[in-house]
Amino acid sequence: MSAHGERDGHQREVTPFPITAAASANDIARRLEATAFQARNLGQAVSIWDAMLRDEATIFMGLAGAMVPAGMRPLIVYLIENRLIDVLVSTGANLYHDVYETLGHPHFQGDPDGGDDLHLASLRVYRFYDTLAPEHEFSIGERFVTEFSLTLDEDRPYSTREYFRLLGQALAPVAKEEGILTAAARHGVPIYCPAFGDSVHGLALAEGRLRTGKRVAFDIIGDVLETGHLALTANKTGVVYVGGGTPKNFIQQAGVAAYLFQRERPGHSYGIQVTTDEPQWGGLSGCTFEEAQSWRKIAPDASFVTAHVDATIGMPLIVSALAERSQDAIAARKLPALDWEYDKRVVSPK
């Protein structure tokens, strides 16, 4: 049943939002949960994430959209360092912008209407809505990735988890500040990137191949088997989706992939989605958790909520509230036994 279950939803009074001179993020989240519409959904997201932490669920996070250029990188680092997530699945773009910022190159505020984009192009400045990045500094990060890729072994393929762990370790000695990749490598949080080629990471490795002939290969099917096995061997799983896209579907399918190992699982037990996409266009980014239940990707009795709100607004409030509300649950969390040896464990049909 969803967070807005039919059995008791109509029995709760809406509590008008009280304004006080001082209120913490947790205070605001609790007050929002007693209101309506997307405010209620944001408040409910905090409660469901708190429940995931207390239930020792293995938490998968899908990260889409330009969250790092928008200034959300420290938020993701906080989630990793404090173990509010256990597995990160991201677009390659966010993971490249992380390299860029970790090397000390900032993004800049710009004109959301573009001003004169042809002038920006002549200056070799890239625009992401109201955010800018100079091409020269962008290229420095790309060159770092290219040179790193040339240190890898041609004799075997890499899972994207292995690749980003090694890249995080290579970044650490030159990092100007902690980033997503360096924090994940340091704290043992695996990162997957199912659409690796669709980013500067893909371009950087392509440049390395053209220049040297060296072929770095990836075992993308290994990623599928690993994440499916992680979901299968977890006690329970929860999902947090920022936006949708490939990361969301990659995590969704992990919830139903037990059949690959001749097993059955009910799907993910908890779900949070913060998105501005809508379901009526039929795309995965806007699809509801209820729709995912038809695929058995979400458990029949799962607790879930979707907040239709800009993630750059919703996520800072949610995570700030959790940092206050869930301190004891965070401190008590144990490192889950993440088992990637899907091909070395005989799983009997059941």
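Biologist: How do the residues of the lining of the largest cavity divide by class, and what makes a residue nonpolar, polar or charged?

Modeller: The lining divides into five nonpolar, five polar and one charged residue. Ala, Val, Leu, Ile, Met, Phe, Trp, Tyr, Cys and Pro count as nonpolar, Asp, Glu, Lys and Arg as charged, and the others, Gly among them, as polar. Among the lining residues are Leu232, Thr237, Arg265 and His268. This is a predicted model, in which local features need pLDDT of at least 70 and side-chain atom pairs pLDDT 80 or more, while totals for chains, interfaces and linings use all residues. Residues are numbered from 1 along each chain as its sequence is written, and side-chain values use heavy atoms, without hydrogens and water.

Biologist: Why is this space called a cavity, and what is a pocket?

Modeller: On a 1 Å grid over the protein atoms alone, a cavity is a set of points where a 1.4 Å probe fits but cannot get out; a pocket is an open set with protein on both sides within 12 Å along at least five of seven lines, and lining residues have an atom within 4 Å of a point. The structure holds one cavity of 30 Å³ or more, and the largest cavity has a volume of about 50 Å³. That volume is the space filled by probe spheres set on the points, which are joined across faces, edges and corners.

Biologist: Which residues lie closest to the centre of the largest pocket?

Modeller: The largest pocket holds about 320 Å³ of space. Of its 18 lining residues, Gly65, Met67, Asp310, Ala311 and Thr312 are the closest to the centre.

Biologist: What makes strand β1 (residues 58–63) largely enclosed?

Modeller: Buried means under 20% relative accessible area (exposed is over 50%, partly exposed in between; 1.4 Å probe, protein chains only). Six of the six residues of β1 are buried, so the strand is largely enclosed by the rest of the structure. Thr58, Phe60 and Gly62 are on one side, with Ile59, Met61 and Leu63 on the other. Strands (E, at least two residues) and helices (H or I, at least four) are DSSP runs, numbered from the N terminus.

Biologist: How do you know that β1 pairs with β7 (residues 237–242)?

Modeller: Two strands pair if DSSP finds at least two bridges between them. Six bridges join β1 to β7, and the two run parallel; therefore they meet the criterion for pairing. Leu63 stands opposite Val242 in β7.
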